[in-house]
Amino acid sequence: MTSDVKERTALVELKDISKRYGTIRALEGVGLEVHGGEITCVLGDNGAGKSTLIKIVAGLHRHDGGTFRIEGEECRPASPREALDRGIATVYQDLAVVPLMPVWRNFFLGSEPRRGVGPFKRLDVDFMRRTTHAELLRMGIDLRDVDQPIGTLSGGERQCVAIARAVYFGAKVLVLDEPTAALGVKQSGVVLKYVASARDQGLGVVFITHNPHHAYLVGDRFVLLKRGTMVGSHTREEITLEELTREMAGGNELDDLRHELEHRAP
Amino acid sequence: MTAAAPASAPETAPDRKPGAQTDERLLKTSPVKRLLGRPELGSVVGALAVFLFFSIVADSFLRAASLSTVLYAASTIGIMAVPVALLMIGGEFDLSAGALVTSSALVSSMFSYRMTADVWVGVGVSLLVTLGIGAFNGIMLTRTRLPSFIVTLGTFLMLAGLNLGFTKLISGTVSTKSISDMDGFSSARAVFASTLNAGGVSVKITVLWWFALVALASWILLRTRAGNWIFAVGGNKDAARALGVPVARTRTGLYMGVALGAWISGQHLLFSYDAVQSGEGVGNELIYIIAAVIGGCLITGGYGSAVGSAVGAFIFGMTSKGIVFAQWNPDWFKFFLGAMLLLATLLNAWVRKRAEATT
């Protein structure tokens, strides 16, 4: 599977990317490859540079060094809008939605369909309501009422609305910032199902997480970050869950930790 | 339930009531609960209470002439409360709004008096200057990222100073010279400060301006893309920015909306008489905010309505004039206004909690 994929141009390709905030080196020499119909997982502990990496991909920050290619073409998106226009949609863990707004307004926020001419151009409310309902149904969420404030949905459902929105607006690459971090076991499962369903629809997915178990359930490629540098980049065939967990936890550090904990237990 | 079910949703309804979605679980939400979810509910209940109260204590309150006085008082506040409410839904304050009304009137009057023979030129120049000040507020806010409280407090003080300073410099006194003998004065007065007669009841033209602004603002809020952006910028500006909403442009637009209201109010102030007192307007900015908050605007942004601000302004008008009709000492007015603000805010918070807990 990987051999023929490699011949295609990656949807998003980062090579040797670096980013500094003043005197702080946030990223150094990080690479990332995203293909359609594949999930690339970015793993790392807090402060490893995961957020910086996706902010570069999402167009919130610009990289200082290295190359960033979208479908083979080098670029430096200057705003989230520009990244969106090039097919990269980012779903943030905490700032994906506006809680007090109805679901349908949230769904179309920033890309509202309109009808009418000139000063009488207005939101196509009927279409927006209908489409929101249908698109969420397609993802398996059967909403009672698209008029309810999105803040009344559960965390998992909100993530799914954001994912459904990105898919609907024709994203080619979906960047998910720790979509399962704040969720319970069952909710995480629901979100992972939607991630997989987005992949099956042909999207390239970047899945940021610090949970190797979640990553291994759906991932095709794994990039491991630690303190701003890349400590590992593997395809699924090259690595087992045990190895991934071990690497993620810091290899030898994990052995030390296990040793220490075993010692304590009688 | 099928995806096509909501196709029959009524598109004319300007409120956020749901379409004809057929879902058995929707039966649980009664029309009453729908009503409870409206931002202006608390203010409507409050307005009814105030209306009943003054109907009982003041015999003259229910006369047509009294009602027209109340409406006029409400409209002078309401014209500003509408854009201020929009701004608050967008998550910001404008403390310079009261002084800006006077600035707008002063610019119009002094420019006409000094530079031309036609008051309409002054009116036009005043529009440009006022919108410019609104844009200044917005751009300062988005560029410096200072809180709007500080930015507009600064503008407020500067405007209050400029109003007095310039007027004294140019007119020699604290009020402007009369422009009543200039060209276009009567037509300008007809537009900004006339009294219409509708079936024996006199209605000030500001009431029409007010109603038109409420309708326009409601249309913008509920049925245009800009309205969606206003709610989003006030509700969660980071999410809005990440989704490609032009946050800075939306905010600047909102401040210019306040400026537009200030221009209308300012011209009314000028053409009601023929001269302007340069110290007027200071303190009114809080009354606009109070009207918006009584009308259900959330002080933290992201929630509220234009109709609510109109109800808030109406409560203001009823209270300020009702006290006079009841022949009480008008000194009590501020006490009433303060109590009303607290009660309305509590009621709104309670109503919203109830409405959002429906699952």
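Predicted model: local features only at pLDDT ≥ 70, side-chain atom pairs only at ≥ 80, totals over all residues.
Local features are given where pLDDT is at least 70, side-chain atom pairs count only at pLDDT 80 or more, and totals for chains, interfaces and linings use all residues. Residues are numbered from 1 along each chain as its sequence is written, while chains are lettered from A and ligands numbered from 1 in the order in which they are written.

**View 1. Chain A as a whole.**
Chain A holds ten helices and twelve strands; helices (H or I, at least four residues) and strands (E, at least two) are DSSP runs, numbered from the N terminus. Its radius of gyration is 20 Å, close to the 18 Å that the globule rule gives for 266 residues, so chain A is as compact as a globular protein of that length. The radius is taken over C-alpha atoms, and the globule rule is 2.2 Å times the number of residues to the power 0.38. The C-alpha trace of chain A spans about 70 × 50 × 40 Å along its principal axes. Of the 266 residues of chain A, 47% count as buried. A residue is buried if 20 or more other C-beta atoms lie within 10 Å of its own, exposed if 12 or fewer, and partly exposed in between, with C-beta atoms placed from the backbone. Of the contacts in chain A between residues at least 6 apart in sequence, 69% join residues at least 24 apart; two residues are in contact if their C-beta atoms, placed from the backbone, lie within 7 Å.

**View 2. Helix α2 of chain A and the glycine after it.**
Helix α2 of chain A covers residues 50-58, and eight of its nine residues are buried. The buried residues are A:K50, A:T52, A:L53, A:I54, A:K55, A:I56, A:V57 and A:A58. A:G59 follows α2(A) and has a positive phi, near 90 degrees.

A:D16 is not a glycine, yet its phi is positive, about 55 degrees. This residue is found in strand β1 (residues 12-21) of chain A. A:D16 counts as partly exposed because it has 13 C-beta neighbours inside 10 Å. A:E178, also a residue other than glycine, has a positive phi near 40 degrees. A:E178 is found in the loop between β9 (173-177) and α7 (185-200) of chain A. With 22 other C-beta atoms within 10 Å, A:E178 is buried.

The secondary structure of chain B comes to 14 helices and two strands. Of the 359 residues of chain B, 48% count as buried. Among contacts in chain B between residues at least 6 apart in sequence, 77% join residues at least 24 apart. Helix α12 (residues 284-294) and helix α13 (residues 306-325) of chain B pack with their axes 7 Å apart, at an angle of about 120 degrees. Axes are lines fitted to C-alpha atoms, for helices over the stretch in contact, and angles run from 0 to 180 degrees between N-to-C directions. α12(B) and α13(B) are therefore oblique to each other; angles under 35 degrees count as roughly parallel, over 145 as roughly antiparallel, 65 to 115 as roughly perpendicular and the rest as oblique. On the α12(B) side the contact is made by B:I287, B:A291, B:A292 and B:I294, and on the α13(B) side by B:S309, B:G312, B:A313, B:I315 and B:F316. By class, this contact has seven nonpolar, two polar and no charged residues. Ala, Val, Leu, Ile, Met, Phe, Trp, Tyr, Cys and Pro count as nonpolar, Asp, Glu, Lys and Arg as charged, and the others, Gly among them, as polar.

**View 3. B:V311 in helix α13.**
B:V311 lies in helix α13 of chain B. With 28 other C-beta atoms within 10 Å, B:V311 is buried. Leaving aside its neighbours within four places in sequence, B:V311 is in contact with B:E40, B:S43, B:V44, B:A47 and B:G295. B:V311 and B:V45 are 266 residues apart in sequence, but 9.9 Å apart in space from C-alpha to C-alpha.

**View 4. B:W229 in helix α9.**
B:W229 is found in helix α9 (residues 225-235) of chain B. B:W229 is buried, as 24 other C-beta atoms lie within 10 Å. Not counting residues up to four places away in sequence, B:W229 touches B:A240, B:V245 and B:T250. From C-alpha to C-alpha, B:W229 and B:A240 are 7.5 Å apart.
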